[in-house]
Number of protein chains: 2
Amino acid sequence: VEDEEASASAASSSASNRRETEESDGIAAVGFSERFLQLSSQRSPFCLGLDPSASLLAAWGLEDSVSGLQEFCDRVLGVALGMVGAVKAQSAFFERFGHQGVRILEEMLGAIRAEGVLAILDAKRGDVGSTMEAYAQAMLSPVGCSAVPLADAVTASPYLGVDALEPLFRLAGALGSYVFVVAASSNPEGLATQGAVGESGEKVVEGVCARIAHWAQATDSAESRGGAVGAVVGGTSPLAPVAIRRLEGVLVLAPGLGAQGGTPEQFLAALGAAKGRIIPVAARSVLRAGPDPARLTDALRAHIEMAWQLR
Amino acid sequence: VEDEEASASAASSSASNRRETEESDGIAAVGFSERFLQLSSQRSPFCLGLDPSASLLAAWGLEDSVSGLQEFCDRVLGVALGMVGAVKAQSAFFERFGHQGVRILEEMLGAIRAEGVLAILDAKRGDVGSTMEAYAQAMLSPVGCSAVPLADAVTASPYLGVDALEPLFRLAGALGSYVFVVAASSNPEGLATQGAVGESGEKVVEGVCARIAHWAQATDSAESRGGAVGAVVGGTSPLAPVAIRRLEGVLVLAPGLGAQGGTPEQFLAALGAAKGRIIPVAARSVLRAGPDPARLTDALRAHIEMAWQLR
């Protein structure tokens, strides 16, 4: 309980330091969900994926090293932070460089948040009990980290059960952060598990989404209006329409905008029931336009244009 | 292809540097599976879980800080490395301290391997495509890391499909390392997904185990005799017997020895079909005996005794 109080108070002082958004209507947005909806009305719901993969570093003429990683992120954010409302950093591409890469990841999340842009940490952690508690702290409030929360939102994986993620939901709720639980993925290998049928006669993905909706309600609070739990649903997953029906009122992080099968029309066909709550993500289809800042800006503009259609 | 060759050569030079085990019969064990079976015959199959949780640090009178974390690990390994054949480090408890905790994790994995003890990194990563490739490198061969592989084995999570983990299986195979894919967990929240029934009429856990067995065969090579892929099966999971039937010939990492429901008899009732290939793990039930080295040694001896019954 003491920890929760400490976290909640750290969260509220962090919230009061947060830069007011330009078109603030005087009523402070509270919690990730409200903040996203506000930024979305100003900058479109588009979320840029920060994926400093080895192949992108090479394509940009950068070294496959910690300094190349830092240079790539600095250049991308230099262009993007004035344009988009959210950036999703893919943890794997930072962890590739060991603890030094994790240091850069921490710095970049701080740099994104300092500009009033929402920072989503895509790490897909999932475990049980005290281990899950530790992952919750690792992703949102590491020991010794002065900037709390570390990220405005994180992703999590439910193979060990959505309910096993409770420590993460609770901490996110107290901090005004958000958790996107992976529900339906676009890759064909995921179907065998996600499409299997449980004892209740429902598909696994339906059960996962029902529990996500439950936890969204359970975490709806003064710190997190609208709740602290949503879903990752691939815009091109065959299970997307089934998933979306169960995700009333929650935010839906949808990777793949601008990629194969990722036109706004195709996103709406699959995810239409969540229109206004969709956060479409694109990484490679934007980043491969770099390193030239003008071309990168054009690619960002094109994706922001597409994303407006999902509001 | 060049990367694979580079990795394979790094792996073989690392293998030649590896300390000869005391009772070596003159035939070098190649790959994690053979090395485990050899160490298991000398020290029992017991694997100590290195779980420096906040509550254990407090119980040991240590600060909840990076130096407390390091002190805890140093003391545990100081006692354990002369007694056990394998140590499983839980990544979450290091990631709690941000990049500085990850630095300690890297040091500890190195310290374990330097003593000829098998280091298992429990990180349960799971993603797709180039992201999964990046996680494979992060866990086994980070850029700029001179000690390759970083760990002798790692864990992974299959919600996005066992086959999506292929980049990790391939890298582990080339390096003589091993991947334990989470199949059946002991926590009740995991049953809804793991026990659901897929199109083939099989449970999800059966499909997962069938693909694990497939990849074990596909990675059986000169660098990784017996294959590079096995499973995590909770010794107290109700799905354990169903899982084990599909896991012929692979290693089974089984958490919970010495915990509630974790007697050797109970483990054998659930996992008996894998007798000789079971790696029983205990963390808290050993570590709570510390910090007194004599008590810690006694607790380790008791668990090693129990583990002999699983050979």
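These legends accompany close-up views of a predicted model with chains A and B.

Residues are numbered from 1 along each chain as written, and chains are lettered from A in the order written. Local features need pLDDT of at least 70, side-chain atom pairs count only at pLDDT 80 or more, totals for chains, interfaces and linings use all residues, and side-chain values use heavy atoms, without hydrogens or water.

View 1. A rotation of 180° with 0.0 Å of shift along its axis superposes chain A on chain B, with an RMSD of 0.0 Å. The model scores ipTM 0.91 and pTM 0.92.

**View 2. The copies meet through the same surface.** In chain A, 51 residues are in contact with 51 residues of chain B (heavy atoms within 4.5 Å). Of the interface residues of chain A, 100% are also interface residues in chain B, so the surface is shared. The two chains bury about 4100 Å² between them, 58% of it on carbon and sulfur atoms. Buried area is the accessible area (1.4 Å probe) lost on being put together, summed over both parts. Arg96(A), His99(A) and Tyr159(A) supply 19% of the area that chain A buries against chain B, more than any other three residues.

**View 3. Salt bridges cross the interface of chain A and chain B.** The rule finds four (a side-chain nitrogen of Lys or Arg within 4 Å of a carboxyl oxygen of Asp or Glu). One joins Arg125(A) to Glu95(B), with the closest N and O atoms 2.8 Å apart. H7(A) gives the most to the side of chain A that touches chain B, with six residues. Helices are DSSP runs (H or I) of at least four residues and strands (E) of at least two, numbered from the N terminus.

**View 4. Two cis peptide bonds lie in loops of chain A.** Val148(A) to Pro149(A) is cis, with omega near -5°. Pro149(A) sits between H7 and strand E4 (153-156). Gly290(A) and Pro291(A) are also joined by a cis bond, omega about 5°. Pro291(A) lies between helix H13 (284-287) and helix H14 (293-308).

**View 5. Residues 1-25 of chain A have pLDDT below 50.** Chain A averages a pLDDT of 91, and 91% of the residues score at least 70. pLDDT is the predictor's confidence in each residue, from 0 to 100. Where it is low, the predicted coordinates should not be read in detail.

Note on methods:
Least-squares fit on C-alpha atoms with pLDDT ≥ 70 in both.
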